[in-house]
Amino acid sequence: MALFSSAVFGTSGAFAKPLLEAGWSPGAAVTARMAGAAVILLIPALVVLHGKWRTVAANWKPILLFGVFGVAVCQFAYFQAVQRLSVGVALLLEYLAPVLIVLLLWARTGRRPRRYTIVGALAALAGLVLVLNLTGDQAVDPIGVLWGLGAAVGLVVYFFVTAKANDTLPPLVLATGGLWVGAVLMLLLAATGVLSMEANFGTVQLAGTDVPWWGPLGALVLLATVFAYVTGIVAARALGSKVAAFISLTEVLFAVLWAWLLLGELPLPIQMLGGAFIVGGVLLVRADELRTGKSPAADLPAA
């Protein structure tokens with residue numbers, strides 16, 4: 001399920017790029033994505049919450065944290081970083097989140113990460129560099145780097161909140177509440193002029209074909225958001241924050257494959273090699289978890 005979540009999350013770039021090239025601003029695309037998913041999930045969430053409204057009040061903190069940091073901050077900071085850095089550098093900074101989780105757990109528990117985890121972390125990061133194919137001169141903007149690290153912090157909060165064992169808060173309710181919080185926050189940013197909102201309701205180019213704007217937007221909402229967030233939360237609760245974070249690194253590989261299929265961007269051999277490093281790193285971290293013989297939730301900080 002974690003791999004499925006990464007696979008559908010990976011479609012976001014392929015479906016968002018035609019909208020951006022047609023004149024949509026990043027803020028408008030992200031807000032439409034979150035708001036559309038929140039509306040779709042509202043009815044099933046209300047069904048799940050029938051007679052259990054106290055669940056929302058009792059779990060307002062994880063819902064708020066998920067919506068503000070895991071949804072809004074992560075997406076907003078990433079697009080701000082993209083404005084100042086190349087997409088590859090911005091994405092690499094965001095996906096420092098798994099390493100930040102390892103360091104955070106190390107600092108919190110005082111236990112040095114096992115050898116497999118350290119090797120797996122280094123292998124996964126090396127794989128990311130290869131998949132992103134960062135070559136040539138890269139202009140580094142300090143403010144852009146800070147935005148990229150902000151996106152990584154948002155991703156860290158996402159994994160900690162979603163991996164926290166909570167029998168009273170169904171994954172569907174957490175996803176719906178978080179998306180509503182994120183969408184409202186994005187709209188508030190737009191209302192204050194911080195976020196630009198521009199959209200073009202014409203045809204866009206997808207897979208070499210002219211399609212209506214709502215085609216890729218619908219896929220962005222349903223696949224890359226609704227299915228991705230719900231399955232990602234379920235998987236994170238089963239795996240724990242550390243393993244879920246490392247498996248999420250495969251999203252980069254899936255994103256490259258989707259770009260190849262939908263946008264005609266053929267992966268290079270070096271990117272395939274990077275994918276092998278990512279998978280190897282994930283397997284090492286997972287093997288380390290199995291060796292500990294403890295519940296994944298034991299790694300999580302107190303709420």
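**Note on aromatic pairs and helix packing**

1. The model is predicted: local features need pLDDT of at least 70, side-chain atom pairs count only at pLDDT 80 or more, and totals for chains, interfaces and linings use all residues. Residues are numbered from 1 along each chain as its sequence is written, and side-chain values use heavy atoms, with hydrogens and water left out.

2. F201 and W213 form an edge-to-face aromatic pair, 4.9 Å centre to centre with 70° between the planes. Rings of Phe, Tyr and Trp (its six-membered ring) pair if their centres lie within 6.5 Å; planes under 30 degrees apart count as stacked, over 60 as edge-to-face and the rest as tilted. W213 is partly exposed, at 24% relative accessibility.

3. The structure holds seven aromatic pairs. In one of them, the ring centres of W24 and F201 are 5.7 Å apart and the planes stand at 80°, so this pair is also edge-to-face. The two residues are 177 residues apart in the chain. W24 is buried, with a relative accessible area of 6%.

4. Ring pairs also link F9, F66, Y158 and Y229 into a cluster.

5. Helix 1 (residues 2-9) and helix 11 (residues 214-239) pack at about 155°, with axes 8 Å apart; axes are lines fitted to C-alpha atoms, for helices over the stretch in contact, and angles run from 0 to 180 degrees between N-to-C directions. Helices (H or I, at least four residues) are DSSP runs, numbered from the N terminus. Helix 1 and helix 11 are therefore roughly antiparallel (an angle over 145 degrees).

Note on methods
Angles under 35 degrees count as roughly parallel, over 145 as roughly antiparallel, 65 to 115 as roughly perpendicular and the rest as oblique. Buried means under 20% relative accessible area, exposed over 50%, partly exposed in between (1.4 Å probe, protein chains only).
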